Amino acid sequence: MSGEARVRAARNVIVSTWERRLDPMADLATEAAQALEDAGLLRSPQAAESDGGQKPEQYVVALPWARLMDSEDLGEFLDELAAAAITNTSPEEALAEVEAACGTWRVIAEAQHAHNTAPGPEAAPSPSADDLPEPYGCRYCGIPEAAHLQQWSANEGWHGFREPTEKQVVKRMLRRRGVHEAEAKAGGTSV
Ligand SMILES: [Zn+2]
């Protein structure tokens, strides 16, 4: 990318950060710097070139679906993610909780987004609460014990059914209720 294009991209990042005004008390310079860093624009042009000269919009976004959420949901998701990451267990279990939180919130984000952008009643059915893990489903994959046998999950690989934690059960119930409510609000026909 040329120097001029990088400056233009950096300006766009800063402007969009300011437009979002996530936190009116935040230090704007820090916010802008963080946004630039996130967009990969703080690296030297040489480093960017040696990477194949990707444009910032082509950088891989780790959680693209998280951007579909409104700021209230995003805040809740990030809180849950933070709590999962610092859960007082082994790093492996913490990772499983982080993955579970991402999986659950991804369904919510995509369901909400589908409702918000649905063109009308003829639209394809969007994900429903049925797509969320069973509250008492497996800790790692959400599949109920009766149907579990051996399942594969990204974190655990092949595993047998494992009881979910109390916290997981409660969160899953809340998530399912949330999606039901969203469906009702959106006038969904399911349920
Ligand atoms: Zn499982």
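Tutor: A residue counts as buried when 20 or more other C-beta atoms lie within 10 Å of its own, and as exposed when the number is 12 or fewer. The model here is predicted.

Student: Which residues of helix 6 are buried?

Tutor: In helix 6 the buried residues are Gln 168, Lys 171, Arg 172, Arg 175, Arg 176, Val 179, Ala 182 and Glu 183.

Student: What puts them on the same side of helix 6?

Tutor: The arc they cover around the axis is only 135 degrees, and therefore they sit on the same side of helix 6. What the buried residues of helix 6 pack against is helix 5.

Student: Why is Lys 171 called buried?

Tutor: Lys 171 has 21 other C-beta atoms within 10 Å. The cut-off is 20 or more, so Lys 171 is buried. Lys 171 belongs to helix 6. In sequence, Lys 171 and Glu 80 are 91 residues apart, while their C-alpha atoms are 9.5 Å apart in space.

Student: Is Leu 149 buried or exposed, and why?

Tutor: Leu 149 has 9 other C-beta atoms within 10 Å. The limit for an exposed residue is 12 or fewer, so Leu 149 is exposed. Leu 149 is in the loop between helix 5 and strand 1 (151-153). Its phi is near 50 degrees, a positive value in a residue other than glycine.

Student: How do you know that the span of helix 6 agrees with its number of residues?

Tutor: Helix 6 has 20 residues, which should span 28 Å at 1.5 Å a residue. Its end C-alpha atoms are 29 Å apart, so the two values agree.

Student: Which residues of helix 4 are buried, and what puts them on the same side?

Tutor: Phe 77, Glu 80 and Ala 84 are the buried residues of helix 4. They cover an arc of only 65 degrees around the axis, so they are on the same side of helix 4. On the face turned away from that buried side, Ser 71, Glu 72, Gly 75, Asp 79 and Ala 82 are exposed. Helix 5 (91-117) is included in what covers the buried residues of helix 4.

Student: What is the span of helix 5 against the expected value?

Tutor: From first C-alpha to last, the 27 residues of helix 5 reach 38 Å, close to the 39 Å expected at 1.5 Å a residue. The buried residues of helix 5 include Ala 96, Glu 97, Trp 105, Ile 108 and Gln 112. Helix 4 and helix 6 are included in what covers the buried residues of helix 5.

Student: Which residues touch the most other members of the largest nonpolar core?

Tutor: That core has 17 residues, and Trp 105, Ile 108, Ala 111 and Val 179 touch the most other members. At least two residues of this core come from each of helix 4, helix 5 and helix 6 (166-185). Helix 5 gives the most, with eight residues.

Student: How many helices and strands does the chain have, and how much of it is buried?

Tutor: There are six helices and two strands, in the order α-α-α-α-α-β-β-α from the N terminus on. Of the 191 residues in the chain, 21% are buried.

Student: Which elements have the lowest and the highest mean pLDDT?

Tutor: Helix 3 (residues 45-50) has the lowest, 57, and strand 2 (residues 157-159) the highest, 89. The chain averages 75, and 67% of the residues score at least 70.

Notes. Residues are numbered from 1 along each chain as its sequence is written. This is a predicted model: local features need pLDDT of at least 70, side-chain atom pairs count only at pLDDT 80 or more; totals for chains, interfaces and linings use all residues. Helices (H or I, at least four residues) and strands (E, at least two) are DSSP runs, numbered from the N terminus. The arc is that of the directions from the helix axis to the C-beta atoms. Two residues are in contact if their C-beta atoms, placed from the backbone, lie within 7 Å. A nonpolar core is a set of buried Ala, Val, Leu, Ile, Met, Phe, Trp, Tyr and Cys residues joined through C-beta atoms within 7 Å. pLDDT is the predictor's confidence in each residue, from 0 to 100. The expected span of a helix is 1.5 Å times one less than its number of residues.
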